[in-house]
Amino acid sequence: AEYLLHSASIMCQRAQEITGMTPESIDELAAECKRDLGNYYSTRLKFAKTCAENPSMGEEVWRGERKAPAQHDGQREGARLTFMCAADVARGE
């Protein structure tokens with residue numbers, strides 16, 4: 001995201017040079033790129049501050065969905081890979 005926003009900002013700055021004309025909405029697009037980059041960096045700084053002040057909470061947020069699966073007493077939930085097609089299932093195989 002950071003790379004794309006930075007690239008878009010550069011393209012806005014060089015629009016005249018690249019295309020030979022200046023689109024009428026280029027100033028608005030450049031302002032949106034700057035705003036979005038600011039939001040991106042602000043979020044990154046807030047997260048870094050959280051990690052520095054409370055490392056365990058920062059790690060928990062960072063891991064998010066990638067947490068280790070909880071241990072169950074023998075029962076496992078989830079999908080099972082099978083190579084049966086719909087016709088095999090219909091025949092009860």
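Helices (H or I, at least four residues) and strands (E, at least two) are DSSP runs, numbered from the N terminus. The model is predicted, and local features need pLDDT of at least 70, side-chain atom pairs count only at pLDDT 80 or more, and totals for chains, interfaces and linings use all residues. Residues are numbered from 1 along each chain as its sequence is written, and side-chain values use heavy atoms, with hydrogens and water left out.

Of the 93 residues of the chain, 11% count as buried; buried means under 20% relative accessible area, exposed over 50%, and partly exposed in between (1.4 Å probe, protein chains only).

Helix H1 (residues 2–13) packs with helix H3 (residues 26–53) at an angle of about 150 degrees, their axes being 9 Å apart. Axes are lines fitted to C-alpha atoms, for helices over the stretch in contact, and angles run from 0 to 180 degrees between N-to-C directions. H1 is therefore roughly antiparallel to H3 (under 35 degrees counts as roughly parallel, over 145 as roughly antiparallel, 65 to 115 as roughly perpendicular and the rest as oblique). On the H1 side, Glu2, Leu5, His6, Ala8, Ser9 and Cys12 meet Ile26, Leu29, Ala30, Cys33, Asp36, Leu37, Tyr40, Tyr41 and Arg44 of H3, where contact means heavy atoms within 4.5 Å. By class, the contact of H1 with H3 has 10 nonpolar, two polar and three charged residues (Ala, Val, Leu, Ile, Met, Phe, Trp, Tyr, Cys and Pro count as nonpolar, Asp, Glu, Lys and Arg as charged, and the others, Gly among them, as polar).

Ser9, in helix H1, is buried, with a relative accessible area of 14%. Leaving aside neighbours within four places in sequence, Ser9 is in contact with Cys33 and Leu37. Ile26 lies in helix H3 and counts as buried at 13% relative accessibility. With neighbours within four places in sequence again left aside, Ile26 is in contact with Cys12 and Ala15. Ile26 and Ala15 are 11 residues apart in sequence and 7.9 Å apart in space, C-alpha to C-alpha.

Rings of Phe, Tyr and Trp (its six-membered ring) pair if their centres lie within 6.5 Å; planes under 30 degrees apart count as stacked, over 60 as edge-to-face and the rest as tilted. The count by this rule is one aromatic pair. The ring centres of Tyr40 and Tyr41 are 5.7 Å apart and the planes are at 70 degrees, so the pair is edge-to-face. Tyr40 is partly exposed, with a relative accessible area of 29%, and Tyr41 is partly exposed, with 33%.
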